[in-house]
Amino acid sequence: MRLTRTADVWWKNAVVYCLDIETFFDTDGDGRGDIRGLSQRIDHLADLGVTCLWLMPFYPTPDRDDGYDITDFYGVDSRLGTHGDLVELITLAKDRGMRVIADLVVNHTSDQHPWFQSARASRESPYRDWYVWRDEPPENAKEGVVFPDQEDSLWQYDEQAGQYYLHQFYKHQPDLDIANPEVRDEIIRVIGFWLQLGISGFRVDAVPFLLDTGGATDAANLPDPHDYLRDLRAFLSRRSGEAVLLGEVNLPYKETRQFFGDEDGDELTMCFDFIGMQKMYLALARQDPAELVAALRERPAPPEEGQWGTFVRNHDELTLDKLSDAERNEVFAAFGPDENMQLYGRGLRRRLPPMLGNDLRRLKMVYSLLFSLPGTPVLFYGEEIGMGENLAAEGRNAVRTPMQWTDGPTGGFSTADPADLAGPVVEGELSPEHVNVAAQRRDPDSLLNWIKLLIQRYRETPELSWGDSTILEHESPSVFAHRTDCEGGTVVTVHNFADEPATVTLAVAGSGVGVRAVDLLQSNAAEIAEDGTVQLELEPYGCRWFRIVRPGDRYIL
């Protein structure tokens, strides 16, 4: 693909930033962040280099699942603001070269949604068939429970309805029947509504669950669920050729690849790389990148007009469900040995800095890795300053604490009493007193300024997003090295996973005559020998990015 075509596939080299409005910045002093607060802090994101803002659910909600239990897919929660506030935010973001995408959570509704209230009231309700009902639960009703500490079945008896309804998540989140054509049409109307207001696409929640028609009584006779995903993509493309569908698909690579669609990519635009993320943590625990290397070699190439989304952490628990029991226990032992740090026996409810002992060298190496891996990097709010978690919060909320802007008692998030905040502030060595935006902006060696540099270099280095990636063989077991090539340009990145120095020799050019390796992160260069190899001395957790510059190249370095 020619680099001149980047404008209509902007997500290929985007920097995506995920945040929860209610924990970002509070302007009215009620302890809850709001849309106007995000608008006031939009320049922080622009200065960081964010090009795509992903908003977690902002819809009306009883808020029993951090907004993922929705009562109006067309609304804005009044505690956060209005439709006008949202349109103003989108306008401000676009003025700064930033697109906005929203969470599309249409696998289920809140049990307080008017559709479900009508459906449960009468079998004659026009919304009765919008949900999945049975007189008796199936024999496998207890299999596949997502939240085993909260639920013991996927089916819940409703006294008012006189039947059981399907809920693949919490019982207060009844599943919509995706097999119902009326439900499919309504979801398309929801998408069209938000596109009209300026949204540039959607992060699609729990895609495999959304397409699961196993609960339907005539599931065997239904069309391929992927046909519906193709319909969504086609509708999205008709309404906005640049809009994106970023899918949450936590499945093995072979199965995840199916959600991209055919070779031209006619389903999801992007899929998160859950396997690569989990193998990265195993590699970090072992201080050996071999498992990450194996995952990247196994990872299928996306369609030409598709992309993998890479990430260090997201808003849920840090799932490790695709690791073996022994591998998962290794990661638990290294990064979450206390049971309180773990969740459901399959993941961690921690952020990266406390897991790594707040070692700035190691943190910088991991984020260097994130921005150099093939794929589109996705950040979770607060990662840019190295925020920690508060394990006193329940479940996943441990990592959904208020953003830390200053060193004040609420981190500059709100003027409300700390007891009235949307979530508890981080305490200890990663509290706002020690970790905040204001201080790190003034510290040239801070994590914030390091990530700004990484984003700048990533955006200046099209090979990383558009190129063909090759893992480089060498003699050092603690070093991960790969090169990306695109239209005659070559970039080599090298990362030392160990707490000891490492020496590595890499073949980076066919011939070294007149060829230089110019460092993109530091003001130095490496000598390339006549045989095209370069020898590097890496400090503990060291990382380097090099552009291979040949005679006649005219890159700005």
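Reply: Across the interface of domain 2 and domain 3, zero salt bridges are found, a salt bridge being a side-chain nitrogen of Lys or Arg within 4 Å of a carboxyl oxygen of Asp or Glu. The model is predicted: local features need pLDDT of at least 70 and side-chain atom pairs pLDDT 80 or more, whereas totals for chains, interfaces and linings use all residues. Residues are numbered from 1 along each chain as its sequence is written, and side-chain values use heavy atoms, with hydrogens and water left out.

Domain 2 covers 109-175 and domain 3 covers 181-272, with bounds taken from an automatic or database domain assignment. Their C-alpha centres are 23 Å apart. Ten residues of domain 2 contact ten residues of domain 3 (heavy atoms within 4.5 Å). The two domains bury about 780 Å² between them, with 62% of that area on carbon and sulfur atoms; buried area is the accessible area (1.4 Å probe) that two parts lose on being put together, summed over both. On the side of domain 2, Trp130, Gln168 and Phe169 lose the most area to domain 3, together 58% of what that side buries.

Two residue pairs, both at pLDDT 80 or more, are in polar contact between these domains. Such a contact is a pair of N or O atoms within 3.5 Å; within protein, one must be able to donate a hydrogen and the other to accept it, and residues adjacent in sequence count only if both atoms are side-chain atoms. By class, the side of domain 2 that touches domain 3 has eight nonpolar, one polar and one charged residues (nonpolar: Ala, Val, Leu, Ile, Met, Phe, Trp, Tyr, Cys and Pro; charged: Asp, Glu, Lys and Arg; polar: the others, Gly among them).

For context, the whole structure holds 36 salt bridges.
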